[in-house]
Amino acid sequence: MEPDVAKFADGSVLVRLGDTHVLCTAKSVDGVPAWRRGTGAGWLTAEYSMLPAATADRTPREAVRGKQGGRTMEIQRLIGRSLRAVVDLESLGERTIYIDCDVVQADGGTRTAAISGAYAALVVALERLRPAARWPRLPLFEDVAAVSVGVVDGEARLDLEYEEDAAASLDMNVVMTGEGRLVEVQATAEGEPFPRATLDELLDLAAAGVARIATVQQAAIAGARGGAGGPAPSGGQEAAGGSGTPPRDGIG
C-alpha cells in the first residue's frame with residue numbers, strides 16, 4: 001500500500017494486491033445528509049468505480065451510460081457498511097466522510113482490496129482532522145480489512161486472481177475486524193453445495209490473510225506524510241511494525 005498518492009484528499013492509499021490496483025481516497029466535508037442533521041452525529045459513505053481500461057476489454061464509463069450498474073451499487077454499499085461498522089459516527093461530529101475507490105487495474109478481488117485500502121485512507125484522514133476536531137482519540141472502534149478466499153481444484157486458496165475465481169467451485173469474500181469479528185461474509189457455491197467444515201476452513205484462511213493485510217495497512221498509515229501514525233483504536237489491533245510487500249499467495 002502506497003500512501004499519499006492524491007494531493008487534495010485528506011487521506012489516500014494506492015493498494016496493490018497482485019495485479020489488482022485500487023486507488024482509495026477519504027475526504028471530509030462539513031454537514032451530513034438531511035435525515036441526520038441536528039443529531040450531532042456524522043456519516044460515512046462510499047463510491048466505487050472501475051476505469052475503462054482496468055480490464056482486458058474496455059468497459060465504458062457508467063457516467064456515459066447514464067446510470068450505475070447493479071454490481072457497482074452493491075460494491076459501494078459493501079464498502080460503506082464495512083467502514084461504518086468500525087467508525088464511531090456519534091463522535092464524528094456533523095461531517096460526512098466520502099470514501100472513493102477507483103479500480104485502476106483489475107485481476108479479481110477488487111471489492112476486498114477497496115475495503116482494505118479505504119480503511120487505511122480513512123485512518124490517515126481522521127488523524128489529520130484530529131487537531132481541529134479535538135478528538136481525545138480517533139472515532140474508531142477497531143480496524144477492518146477484507147480478503148477473498150475460495151476452493152479451486154479441491155484446494156482452499158487465499159486472494160483469488162481472476163482465473164482462479166472463474167474456476168472456483170466456491171468463492172467467498174470476508175470482511176473482518178482486527179479482533180477477528182465478522183462484518184460480512186459473501187459465500188457462493190458455484191455448483192455442488194459445500195459442507196460447514198469447508199466454510200470454517202476458509203474463514204480460518206481469511207483470518208490469516210486479514211492479519212497480514214493489517215500489517216501492511218499500519219505500515220502505510222505510519223508512512224503517510226506529516227506522520228499520521230497508527231490509529232490504535234480501542235479494542236482493535238495495535239499498530240504492527242515492518243514494511244514491504246509480502247509475497248503473493250496472494251497478499252501483496
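Predicted model: local features only at pLDDT ≥ 70, side-chain atom pairs only at ≥ 80, totals over all residues.
Thr110 belongs to helix 4, which covers residues 110-133. Its relative accessible area is 6%. Buried means under 20%, so Thr110 counts as buried. The side chain of Thr110 forms a polar contact of 2.8 Å with the side chain of Tyr48. Leaving aside residues up to four places away in sequence, Thr110 touches Tyr48 along with Thr20, Val22, Met50, Arg71 and Val103.

**Helix 4 and helix 6**

Helix 4 also packs with helix 6, which spans residues 196-223. The axes of the two helices are 9 Å apart and the angle between them is about 35 degrees. Their crossing is right-handed. On the helix 4 side, the residues that meet helix 6 are Ser116, Tyr119, Ala120, Val123 and Val124. On the helix 6 side, they are Ile213, Gln217 and Ile221. Sorted by class, this contact has six nonpolar residues, two polar residues and no charged residues.

**The aromatic pair**

The structure has one aromatic pair. Trp35 and Trp43 form an edge-to-face pair, because their ring planes stand at 80 degrees and planes over 60 degrees apart count as edge-to-face. The ring centres are 5.0 Å apart.

**Accessibility of two residues**

Thr110 and Trp35 can be set side by side by their relative accessible area.

| Residue | Relative accessible area | Class |
|---|---|---|
| Thr110 | 6% | buried |
| Trp35 | 55% | exposed |

Trp35 is classed as exposed because its value of 55% lies over 50%.

Note on methods
Residues numbered from 1 in each chain as written. Heavy atoms only, no water. Helix = DSSP H or I, 4+ residues; strand = E, 2+ residues; numbered from the N terminus. Buried < 20%, exposed > 50% of the residue type's maximum accessible area, 1.4 Å probe, protein only. Polar contact = N/O pair within 3.5 Å; in protein donor to acceptor, adjacent residues only side chain to side chain. Contact = heavy atoms within 4.5 Å. Axes fitted to C-alpha atoms, helices over the stretch in contact; angles between N-to-C directions. Left-handed = near helix turned anticlockwise from the far one by under 90°. Nonpolar A, V, L, I, M, F, W, Y, C, P; charged D, E, K, R; others polar. Phe/Tyr/Trp six-rings, centres within 6.5 Å; stacked < 30°, edge-to-face > 60°.
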